[in-house]
Amino acid sequence: MAQLKITLVRGLVNRKPAQRDTVRTLGLHKIGQSVVREDTPANRGLAHAVRHLVTVEEVD
């Protein structure tokens with residue numbers, strides 16, 4: 001099964017609380033931090049909601 005590597009590239013200062021919560025749900029805390037998640041519709045939706053704050057890459 002494919003996996004997604006999600007990296008936080010922008011900070012959370014002056015962001016809406018919902019966006020901050022979404023980034024925390026993904027498991028990201030610091031700029032430059034990356035997490036690897038399963039490629040599921042739920043994880044894709046979370047990444048899409050904060051697409052201006054993160055980069056997403058597919059990894060095997």
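Reply: Contact means that heavy atoms lie within 4.5 Å. In this case, aspartate 39 is in contact with Met1, Ala2, Gln3, Leu4 and Arg44, leaving aside its neighbours within four places in sequence. The model is a predicted one: local features need pLDDT of at least 70, side-chain atom pairs count only at pLDDT 80 or more, and totals for chains, interfaces and linings use all residues. Residues are numbered from 1 along each chain as its sequence is written, and side-chain values use heavy atoms, with hydrogens and water left out.

Me: Where is aspartate 39 found, and is aspartate 39 buried or exposed?

Reply: Buried means under 20% relative accessible area, exposed over 50%, and partly exposed in between, with a 1.4 Å probe and protein chains only. Helices (H or I, at least four residues) and strands (E, at least two) are DSSP runs, numbered from the N terminus. Aspartate 39 sits in the loop between strand 2 and helix 2. Its relative accessible area is 18%, so aspartate 39 is buried.

Me: Which side chain does aspartate 39 join in a polar contact?

Reply: A polar contact is a pair of N or O atoms within 3.5 Å; within protein, one must be able to donate a hydrogen and the other to accept it, and residues adjacent in sequence count only if both atoms are side-chain atoms. Here the side chains of aspartate 39 and arginine 44 are joined by such a contact of 2.7 Å.

Me: Why do the buried residues of helix 1 line one face of the helix?

Reply: An α-helix has 3.6 residues a turn, so residues three or four places apart point the same way. In helix 1 (residues 17-26), the buried residues are Gln19, Thr22, Val23 and Leu26. Seen down the axis of helix 1, they fall within an arc of 95° (taken from the directions from the helix axis to the C-beta atoms), so they line one face. These buried residues pack against strand 1 (3-8), strand 2 (34-38) and helix 2 (41-49). The face turned away from the buried side carries the exposed residues Pro17 and Thr25. Just after helix 1, glycine 27 takes a positive phi of about 95°.

Me: How many residues has the largest nonpolar core?

Reply: A nonpolar core is a set of buried Ala, Val, Leu, Ile, Met, Phe, Trp, Tyr and Cys residues joined through side-chain atoms within 4.5 Å. The largest has twelve residues, among them Leu4, Val23, Leu26 and Val50. Strand 1 and helix 1 are the elements that give two or more residues to this core, and strand 1 gives the most, with three. Valine 50 touches Gln19, Thr22, Val23 and Leu26, not counting residues up to four places away in sequence.
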